[in-house]
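Trainee: Could you walk me through this one before I set anything up? I'd like to start with a single residue and then move on to the ligand.

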Amino acid sequence: MRYRSLERLTIIFAWLTGLLLLSAVSLLLGYLFIKGYQSVNLTLIFGDASPLRAILLQERVFNGLFPAIVGTLILVLLSVFWAIPIGMATGIYLAEYASPRAKRVLDAFFDVLSGIPSIVIGLFGFAFAVFLHKHYSDRIGPCLLISSIALSFLVLPYIIRTTQASLEGIPRETRLTALALGATKFQNIFLVLIPRSLTGIMSGIILAIGRCAEDTAVIMLTGAVASTGLPRSLFAQYEALPFYIYYISSQYADRAELMQGYGASIILILLCAVLFSVAYGIRKGLTHFALYRP
Amino acid sequence: MTPDIKIRVADLNFSYRDRTILQDVSVEFPEKTITALTGSSGAGKSTFLMTLNRLWENIPNAQMQGTVEIKLQNQFRDIYAPDLAVTELRKMVATVFQVPNPLPMSIRKNVAFPLKLSGERSRGLVDEKIEQALKMANLWDEVKDRLNEDARNLSGGQQQRLCIARALVLEPEVLLLDEPTSSLDQASTAVIEDLLLKLKDRLTILIVSHHPEQVKRIADKVVEFTDGRIITAP
Ligand SMILES: Nc1ncnc2c1ncn2[C@@H]1O[C@H](COP(=O)(O)OP(=O)(O)O)[C@@H](O)[C@H]1O
Ligand SMILES: [Mg+2]
């Protein structure tokens, strides 16, 4: 009897917490949407320029979010481009090759890395840029490349951990299947274990994408600026959505400008949604490729 | 007449950490016969099979002493000698596990998988060998029109025959089966038993089995495990 009512209570509690979470998220999104939807339009993105000509890079956008959107997109892609191979390789090493001792040491090391506040990583990136500026070339300073490298350090632990955890979670029978058929360790890892882990690894990559798209602390120290137009190269400064949101909400002159901040937030969330869908699509494609390639 | 010996195990000891699982096991298995390994659960039968294809080496904290010799390509070879690559050994000593374990791929790719591992590229040859192996495993007629479907959509019995086909595709000389029918219904079990009887003309089969009925139906020889030692019955 007592257990039955306890079970009831647990279920009710679980429902309530779920409901709380759901309402918090919908409150947040709803608030943003209601505040910002009026300012989301082509003028917010392209200002006075013609959208088509702006996308074709024939016309510069001076008073729109277009450069910030492009900047964030390039930044995210570059950062995960650095972080994925290194993070996956490290995760594979930890799960499959590392001796118990090496594993203990590296585990502690990556725990520390994932605990470093992003502002500290940003500061380090800034110091690195200054160092390069002093010792190598006047033309190097805080820039897109340095930001993306610093961000990839920030998200590396996500990819390492999810890769490692999904590999280690594979049951022993599955692990032995290909080995019993004469696979080398290397073949087993790349033909069976990694394809089996793609779903888990992808969740780490999605976390990483979100983190790269939203982080402000790192980029404001390593190259993001309020207004510079489209990034001209990897060694140039750039605009980014989160930095724009931060900047406008701390410096806005009138209500209209604040509304633009809300609009930018909506666009940032939409951008993340697009990136997530692309990541899911790639995962599906890869799994399908592994399955049905003749 | 006495058939030729295929596998010779001498003074085998096996332990996980400090726990002895097999103790002073010496036993021989004749060629082109079915030998049933019986004994209560936990007696070390699966462990014993893993000493014949060195699969235990992938399990942490396992240790083995003793010798295992198998006649491969008409010549007795110490399977733990450094001149025999473990991947080569496992291509000649194939294994089928208790729970059917098709890889998450199409039926065709599952059977082709060992060929891919050994670097076989020619599409024509691969297709030919797939067909041959599936026919040998009595599965061809059921799957020939759906080779590109996910193997996990097959029934349990079909999956297990697929695993047997996959084990046969490299034309091994020894086939180890660890309770291959324990997760299957009676009809599927009968199909697999017939299949094994058919296969014994070609290769040497060791099968772990819990069912006295099954042992009586298919085995030429029985080896019983108790407390990590063995009692051989005729
Ligand atoms: N990976 C392992 N680590 C430690 N002990 C194990 C491991 N695998 C099996 N054992 C133990 O070894 C004994 C023999 O197991 P097994 O060979 O699977 O027996 P059987 O197949 O005859 O049921 C069991 O007592 C089991 O608990
Ligand atoms: Mg067993």
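Trainee: Is Ile21(B) buried or exposed?

Mentor: Keeping in mind that this is a predicted model, Ile21(B) counts as buried, because its relative accessibility is 12% and the cut-off for buried is under 20%.

Trainee: Which strand does Ile21(B) lie in?

Mentor: Ile21(B) belongs to strand S2 of chain B, which covers residues 19-30.

Trainee: And what does Ile21(B) touch, leaving out residues up to four places away in sequence?

Mentor: With those left out, Ile21(B) is in contact with Phe14(B), Ser15(B), Tyr16(B), Ala43(B), Gly44(B), Thr47(B) and Gly228(B). As for Arg229(B), its C-alpha lies 8.8 Å from that of Ile21(B), although 208 residues separate the two in sequence.

Trainee: OK, switching to the ligand. Where does ligand 1 lie?

Mentor: Ligand 1 is located between chains A and B, and the space that ligand 1 takes is the largest pocket. Its surroundings comprise 13 residues, the closest being Arg19(B), Gly42(B), Lys45(B), Ser46(B) and Thr47(B).

Trainee: Which element gives the largest share of that shell?

Mentor: That is H1(B), with three residues, while S2 and helix H1 (45-52) of chain B each supply at least two.

Trainee: What about polar side-chain atoms, say for Thr47(B)?

Mentor: A polar side-chain atom of Thr47(B) is 2.5 Å from an oxygen atom of ligand 1, and for Ser46(B) the corresponding distance is 2.6 Å. From Gly42(B), a backbone N or O atom lies 2.7 Å from a ligand 1 oxygen atom.

Trainee: How much of the accessible area of ligand 1 does the protein cover?

Mentor: The protein covers 68% of the 570 Å² that ligand 1 has on its own.

Note on methods. Residues numbered from 1 in each chain as written. Chains lettered and ligands numbered in written order. Predicted model: local features only at pLDDT ≥ 70, side-chain atom pairs only at ≥ 80, totals over all residues. Heavy atoms only, no water. Helix = DSSP H or I, 4+ residues; strand = E, 2+ residues; numbered from the N terminus. Buried < 20%, exposed > 50% of the residue type's maximum accessible area, 1.4 Å probe, protein only. Contact = heavy atoms within 4.5 Å. Near = heavy atom within 4 Å. Polar contact = N/O pair within 3.5 Å; in protein donor to acceptor, adjacent residues only side chain to side chain. Areas by Shrake-Rupley, 256 points an atom, 1.4 Å probe, with all protein chains shown as cover. 1 Å grid on protein atoms, 1.4 Å probe; cavity = no way out; pocket = protein on both sides within 12 Å on 5 of 7 lines; lining within 4 Å. Sits in = over half its atoms within 2 Å of the grid points.
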